[in-house]
Amino acid sequence: NGSWIVESAEVNGKSDDKMIGEPLVFAEGKVTGMAPYPVPYTYTVNAADDPKSIDIISPGKVIILSALYKIEDEKLHLVLSKDPKQRRPNGFDAKNAALITLRRATEDDTLYSRAQSQMKLREIGASLIGYHDMNKGFPPAGFSAKDDPDGKPLLSWRVAILPYLGKEGEDLYKEFDLDKPWDDDQTK
């Protein structure tokens with residue numbers, strides 16, 4: 001798990017500079033940041049294999065990348081077939097495969113920030129879809145729990161989607177007093 005930045009890439013034994021600098025974030029069984037694919041892929045790891053293996057799977061299992069991986073000197077090395085229909089490579093050379101070396105991203109790394117932002121935006125989008133599925137529409141720009149005689153919305157749509165942002169969002173939602181405006185001293 002963690003955020004990584006592509007440091008070097010070789011395809012069929014030749015350097016491929018197009019991937020250098022691309023962020024990859026492995027978290028909760030999903031990998032994001034694989035340009036040009038905007039949708040998170042899932043992944044499964046088998047650390048008991050020798051060498052260790054990882055399968056990276058696109059939504060709908062359209063693409064399955066079977067790879068080998070190793071971590072040495074704080075670097076993640078992935079070797080995978082460049083053709084998704086080919087089997088897992090036998091070793092860590094790039095003669096007939098893609099060999100990608102990644103380094104851990106740091107918080108000072110602008111690419112780390114971009115990958116984290118992309119992941120957060122995807123989570124917000126997914127929570128909006130979850131809200132829509134449950135409520136047959138998107139949240140209003142502002143709302144209040146009780147009918148306000150003045151018709152003044154007390155809270156924004158951001159509060160409405162909190163329950164759809166996982167456990168952390170649910171916990172934060174429970175802290176809101178839905179009868180008080182967002183700028184109330186007790187709400188802050």
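1. Basis of the note. In this predicted model, local features need pLDDT of at least 70 and side-chain atom pairs count only at pLDDT 80 or more, whereas totals for chains, interfaces and linings use all residues. Residues are numbered from 1 along each chain as its sequence is written, and side-chain values use heavy atoms, with hydrogens and water left out.

2. Secondary structure. The protein chain contains three helices and eleven strands. Helices here are DSSP runs of H or I with at least four residues, strands are runs of E with at least two, and both are numbered from the N terminus. Read from the N terminus, the order is β-β-β-β-β-β-β-β-β-α-β-β-α-α.

3. The protein chain has 188 residues, and 33% of them count as buried; buried means under 20% relative accessible area, exposed over 50%, and partly exposed in between (1.4 Å probe, protein chains only). Among contacts in the protein chain with a separation of 6 or more, 39% join residues 24 or more positions apart, a contact being heavy atoms within 4.5 Å.

4. Surface. The protein chain has an accessible surface of about 12200 Å², and carbon and sulfur atoms account for 52% of this area. Accessible areas come from the Shrake-Rupley method with a 1.4 Å probe, and for residues only the protein chains shown count as cover.

5. Nonpolar patch. Leu-121, Ile-124 and Leu-165 make a nonpolar surface patch of about 240 Å². Patches consist of residues with over 30% relative accessible area and no salt bridge; like charges are joined within 9 Å, and nonpolar side chains (Val, Leu, Ile, Met, Phe, Trp, Tyr) within 5 Å. Leu-121 belongs to helix α1 (residues 110-135) and counts as exposed, with 61% relative accessibility.

6. Largest pocket. The volume of the largest pocket is about 700 Å³. Its lining comprises 22 residues, of which Glu-28, Met-119, Arg-122, Glu-123 and Leu-165 lie nearest the centre. Two or more lining residues come from each of β4 (30-32), α1, α2 (157-160) and α3 (166-175); α1 gives the most, with seven residues. A pocket is an open set of points on a 1 Å grid over the protein atoms alone, where a 1.4 Å probe fits, with protein on both sides within 12 Å along at least five of seven lines; lining residues have an atom within 4 Å of a point. Grid points are joined across faces, edges and corners, and the volume is the space filled by probe spheres set on the points.

7. The structure holds four salt bridges, each defined by a side-chain nitrogen of Lys or Arg within 4 Å of a carboxyl oxygen of Asp or Glu. In one of them, Lys-75 pairs with Glu-7, with the closest N and O atoms 2.5 Å apart. Lys-75 lies in strand β8 (residues 75-80) and Glu-7 in strand β1 (residues 2-11), so this pair ties together parts that are 68 residues apart in sequence. Lys-75 is partly exposed at 23%, and Glu-7 is partly exposed at 32%. Another joins Asp-55 and Arg-88 (3.0 Å, N to O). Because Asp-55 is in strand β6 (residues 53-57) and Arg-88 in the loop between β8 and β9 (98-104), the pair ties together parts 33 residues apart in sequence.

8. Asp-171 and Lys-167 form a salt bridge, with the closest N and O atoms 3.0 Å apart. These residues are four residues apart in helix α3, so about one helical turn separates them. Asp-171 is partly exposed at 31% relative accessibility, whereas Lys-167 is exposed at 59%.
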